[in-house]
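Here is a short briefing for a first look at this structure. It covers some backbone features and the ligand site.

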Amino acid sequence: MNYQGKRWRTIWRNDDAKGSIGVIDQRLLPHEFKTLTLSTMEECAEAIRHMTVRGAPLIGATAAYGICFALRDDPSDAALASAYQILHKTRPTAINLKWALDKMQAAVAPLPPAKRLEAAYARAAELCDEDVAVNEAIGRNGLSIFREILEKKPAGSKLNVLTHCNAGWLACVDWGTALAPIFMAHDAGLPVHVWVDETRPRNQGASLTAWELNQHGVPHTVVVDNAGGHLMQHGLVDLCIVGTDRTTAHGDVCNKIGTYLKALAARDNGVPFYVALPSSTIDWTINDGLKEIPIEERSASEVTHLRGKMADGTFAEIQVTPDGSPASNYGFDVTPARLVTALVTEKGTCAASEAGLKKLFGR
Ligand code: MRU
């Protein structure tokens with residue numbers, strides 16, 4: 001994506017002796033755009049854990065380079081196994097993390113240690129390139145849906161899309177999943193307007209999605225997380241589209257906390273609810289999302305405190321809850337397949353069901 005006239009990806013290889021990578025520090029957006037250099041496996045693990053980088057595909061890509069750094073320092077089987085474990089434990093819900101680690105392991109484990117590093121860098125770069133191509137294809141497939149819905153509206157109408165969290169290019173290597181069709185629709189001249197859920201507690205919608213849409217010139221409005229139902233009741237949403245961190249083989253969708261409530265409101269109001277995902281987000285080993293997907297629980301301080309820019313331009317953290325009130329912070333929820341209108345993947349669109357996924361992916 002373009003930022004200030006320069007083409008960016010969210011992760012890139014630096015030209016230095018350490019073979020380091022660069023990433024965007026997403027904790028500082030939307031107020032500051034700063035990049036960071038990561039050059040050790042531990043730094044990659046830390047960046048994923050503390051959400052310097054986040055979003056299912058991007059944490060997978062970062063973990064892939066974490067494996068490269070571990071092998072640079074020690075190409076043995078033991079070092080590979082230990083790096084896999086450390087990186088895998090950084091965040092529990094997004095399956096793309098394990099997917100990327102498995103791809104890396106499969107690429108390097110059969111090789112003699114002396115050949116592993118070069119193969120690891122090559123595979124990590126390939127995974128990043130694949131992510132870009134896959135998301136572009138998701139964008140094209142989603143765009144066809146947008147066109148169909150718009151064609152059914154009176155001439156001159158806007159297409160109102162609601163999204164939750166950040167499933168844009170910042171969550172991936174480029175393009176994004178749910179936001180890819182939005183960027184493409186805007187570029188193609190469709191009159192698209194996006195309702196952006198703020199997505200408490202970390203505000204990935206208000207901070208990151210709004211920033212991306214702003215940079216790209218896409219008309220949008222940030223709303224509090226509880227506004228979606230009201231907007232849908234008043235005919236102000238034509239479709240919802242969100243990303244996912246893990247989708248089961250039966251089409252249950254796990255995504256940022258609050259997604260389920262939007263799907264319920266969408267069903268009650270006859271609003272189509274789409275989920276955009278690369279196939280790397282499908283966990284073919286599980287069927288029941290509610291029982292089988294581990295839900296990340298993060299620090300209560302993300303709920304009790306907010307960080308932002310003050311009127312004088314400095315940054316501050318404020319407490320919004322009373323001293324002593326406990327808070328809980330579940331990061332994700334599961335939307336059952338029955339509430340999902342369709343899954344939009346790089347291979348096309350399918351029903352959120354075992355049959356739908358099998359038809360598309362032949363598994
Ligand atoms: O906690 P985060 O910011 O990593 O959560 C991200 C999301 O929930 C996204 O919607 C999901 O990763 C899909 S993005 C391609």
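Pro30 sits in the loop between strand 4 (21-24) and strand 5 (35-38); helices (H or I, at least four residues) and strands (E, at least two) are DSSP runs, numbered from the N terminus. The peptide bond from Leu29 to Pro30 is cis, with omega near 10°. This is a predicted model: local features need pLDDT of at least 70, side-chain atom pairs count only at pLDDT 80 or more, and totals for chains, interfaces and linings use all residues. Residues are numbered from 1 along each chain as its sequence is written, and side-chain values use heavy atoms, without hydrogens and water.

**Other backbone features**
- The bond from Arg200 to Pro201 is also a cis peptide bond, with omega near 10°.
- Pro201 belongs to the loop between strand 7 (192-197) and helix 7 (204-216).
- Met51 is not a glycine, yet has a positive phi of about 65°.
- Met51 is found in the loop between helix 1 (41-49) and helix 2.

**Ligand contacts**
- A polar side-chain atom of Arg91 is 2.8 Å from an oxygen atom of the ligand.
- For Asp245, a side-chain N or O atom lies 2.8 Å from a ligand oxygen atom.
- For Lys256, a side-chain N or O atom lies 2.7 Å from a ligand oxygen atom.
- Alone, the ligand exposes 410 Å², and the protein buries 99% of that (accessible areas by the Shrake-Rupley method with a 1.4 Å probe; for residues, only the protein chains shown count as cover).

Methods: A polar contact is a pair of N or O atoms within 3.5 Å; within protein, one must be able to donate a hydrogen and the other to accept it, and residues adjacent in sequence count only if both atoms are side-chain atoms.
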